[in-house]
Amino acid sequence: MTTPEPGRHVPAIRLSGVVKRFGPLTAVDGLDLEVPQGIVLGLLGPNGAGKSTTMKMLTAQAIADEGTIRILDHEIPAESKWARARMGVVPQHDNLDEELTVEQNLRMFSFLYRVPRRQRREAIERTLRLAQLSDRADTPVDDLSGGMRRRLLIVRALLHRPELVLMDEPTVGLDPQVRQDLWGVISALRDEGVTVLMSTHYIEEAERLSDEVALMAKGRVVERGTPVDLVAKYAGTTVEEYTPQGSGGIAELERLVHEQGFDTRRTGTSLSVLRAEELPDSLRDRLGEPERRAANLEDVFVTLTGEAVV
């Protein structure tokens, strides 16, 4: 096992030149990614961008064909055992034991995470409070709602007070109200100084929770930064949405806007123009009457990764 030099700041995660192939398909293609300690990093990308494969390599469920991976200065997969002792993993799919109660599920994992015997009771009670499930400790998991199960799945990874938590689509398939409830759990981790790497399809989730976001496409990171900085850089402050009138349709509107050097995205039957605060009056007069709204991270996502459905 490697030991970091005294006083040297070690990133929580560092991937360098990582490649993963599945036959003729290259799922991850020369990925470079560094996650400093103590931040929440949101990993965004369309389907097939390589997010899930990246998460599997970090947990040694998949082995990189090229490149190096280090977690808390442990080489992966050679030192996965030591890395796993210091991190928690929240899987995309629910793998709770439905025949056990909430507390029994946590107790079982307290053994797997090697929580010292004297600390197990406190660890279980602490995670129950964090998940807002203290009054459900004796409830069989099969009787929990979807939101309760997901909260339990998240806090199960926190029993041993990990320094790093990997979350693969932590709120996938949940309704908006339950997702927002779980955002509080993730925010509490940040407040405790825990590093979180979270892959997600929900752009609003990444925008609200992440200190930084990394956008993936075709197996590598294409851009990274704070949500505010990325929106300012690629989308400006204002987006104007135009609905085609007369002949030509959206394609004609796109042509007019692109000729002036502005980026666009299609939103249903309308065309969204980014950085609309910079549009010249002459062009705006030709486009018609718009609907205006504030630019957001979704505009950046579509600009950098394409119009693919997320």
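**Questions on a predicted model**

Visitor: Which helix gives the largest share of the lining of the largest pocket?

Guide: This is a predicted model, in which local features need pLDDT of at least 70 and side-chain atom pairs count only at pLDDT 80 or more, while totals for chains, interfaces and linings use all residues. Residues are numbered from 1 along each chain as its sequence is written, and side-chain values use heavy atoms, without hydrogens and water. Strand E6 (87-90), H3 and strand E7 (164-168) each supply at least two residues of this lining, as does helix H1 (51-58). The largest share, 3 residues, comes from H1.

Visitor: Within what arc do the buried residues of H3 fall?

Guide: The buried residues (under 20% relative accessible area, 1.4 Å probe) of helix H3, residues 102-112, are Val102, Glu103, Asn105, Leu106, Phe109 and Ser110. They line one face of the helix, because, seen down the axis of H3, they fall within an arc of 160 degrees.

Visitor: Which helices are among the elements that cover the buried residues of H3?

Guide: Contact means heavy atoms within 4.5 Å. The cover of the buried residues of H3 includes helix H4 (117-130) and helix H5 (146-156).

Visitor: Is leucine 128 buried or exposed?

Guide: Leucine 128 is placed in helix H4. Its relative accessible area is 5%, and leucine 128 is therefore buried.

Visitor: Which residues does leucine 128 contact, leaving aside its neighbours within four places in sequence?

Guide: Leucine 128 has its place in helix H4. With neighbours within four places in sequence left aside, the contacts of leucine 128 are Val102, Leu106, Leu133, Ser134 and Ala137.

Visitor: How many Å apart in space are leucine 128 and methionine 87?

Guide: In sequence, leucine 128 and methionine 87 are 41 residues apart. From C-alpha to C-alpha, their separation in space is 19 Å.

Methods
Buried < 20%, exposed > 50% of the residue type's maximum accessible area, 1.4 Å probe, protein only. Helix = DSSP H or I, 4+ residues; strand = E, 2+ residues; numbered from the N terminus. Arc of directions from axis to C-beta.
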